[in-house]
Amino acid sequence: MKILATSDLHQMNNKWKLLISAVEKEKVDVVAIAGDIFPKDVGIQKQISFTPHFRKYLERLAELNTKVVLNLGNDDNQLVIPLMYTLHNDGLCYYKPEDVAIVNDIEFASMPYVPDHPFGYKFWCRAESKNNLRIDPKQYCEPLIIDKTNKFVIIENYQSYLYNQKSIEESLEETASKVKNIQKSIWLIHVPPAHMNLDVCAHGAKVGSQAVYDFIKKYQPMITIHGHIHESPEYNGHKYFHKEGNTYCIQGGQVTARLFYTIIDLDNGVSLKHSYYDSI
Ligand SMILES: [Fe+2]
């Protein structure tokens, strides 16, 4: 079985067209996308206007007999969530956040949340754990969420907001309890783990999640696919994956206008090939 793993297609609308071409070329069985999938170049509140195009892309992938497993990320407008469930119910993708989708006999689990960051939109931000809220000391504006009318509103007490939400640690533990064979499972986790150099920002800071790292060390899933700090391979010596124990952890994000993806071949153990970093 061949899986095309990628993430953070939000950099530009054209990435979805490139994805269709890559699937035609690589003849993959499954596409797995680890979040931030709606185009950011139109602005987060205008992402809703992308939804008819999004359905068309998924219909084209279905025509190619390719199944699509999706996660959302912190740059995806929360109001697209009902649409994701509609597309899932229409058989055009698997969207099961904090849950498990069985695709070609493999369990795919998803966890969309990220630790706090300096950007305003906070819907997807969660504490690492109840003991570690990890609020970023640098904030570009007031903490925001989008209301039902697609307007930004300020979160009045962000510390208490974060404390009262399920933490990343709790979300991963809860999702893991739904997986039958965790050593053979594949996880779409938008934020990369700490301590693996898959989380290096352009300014040099490493901002991966400690809770995700602890989860991988503890449960040793077969593969984890991440994005979020999509520029990381450009600042870590072109490293796009890390093997931690038995787990292959992949940074699937985008760097330039080309489509960055990893082909995972499971026919004989696990083998990985990157569309760019394995050919330079
Ligand atoms: Fe992100």
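A crossing of two helices is left-handed if the near helix is turned anticlockwise from the far one by less than a right angle, and right-handed if clockwise.

## Basis

This is a predicted model, in which local features need pLDDT of at least 70 and side-chain atom pairs count only at pLDDT 80 or more, while totals for chains, interfaces and linings use all residues. Residues are numbered from 1 along each chain as its sequence is written.

## Helices H5 and H6

Helices (H or I, at least four residues) and strands (E, at least two) are DSSP runs, numbered from the N terminus. The crossing of H5 and H6 is right-handed.

The axes of H5 (residues 168-176) and H6 lie 9 Å apart, at an angle of about 30 degrees; axes are lines fitted to C-alpha atoms over the stretch in contact, and angles run from 0 to 180 degrees between N-to-C directions. H5 is therefore roughly parallel to H6 (angles under 35 degrees). Ile168, Glu169, Leu172 and Ala176 of H5 make the contact with Ala211, Val212, Phe215 and Tyr219 of H6 (C-beta atoms, placed from the backbone, within 7 Å).

## Strand E9 and its partners

Strand E8 (residues 186-189) pairs with E9 in the parallel sense over three bridges; pairing takes at least two DSSP bridges between two strands. Ile186 is opposite Ile223 in E9. E9 also runs parallel to E11 (residues 247-251), joined by four bridges, and Ile225 has Ile250 of E11 as its bridge partner.

In E9 (residues 223-226), Ile223 and Ile225 point one way, Thr224 and His226 the other, and all are buried (20 or more other C-beta atoms within 10 Å of the residue's own, with C-beta atoms placed from the backbone).

Definitions and conventions:
Buried ≥ 20, exposed ≤ 12 C-beta atoms within 10 Å, placed from the backbone. Parallel < 35°, antiparallel > 145°, perpendicular 65-115°, else oblique. Contact = placed C-beta atoms within 7 Å.
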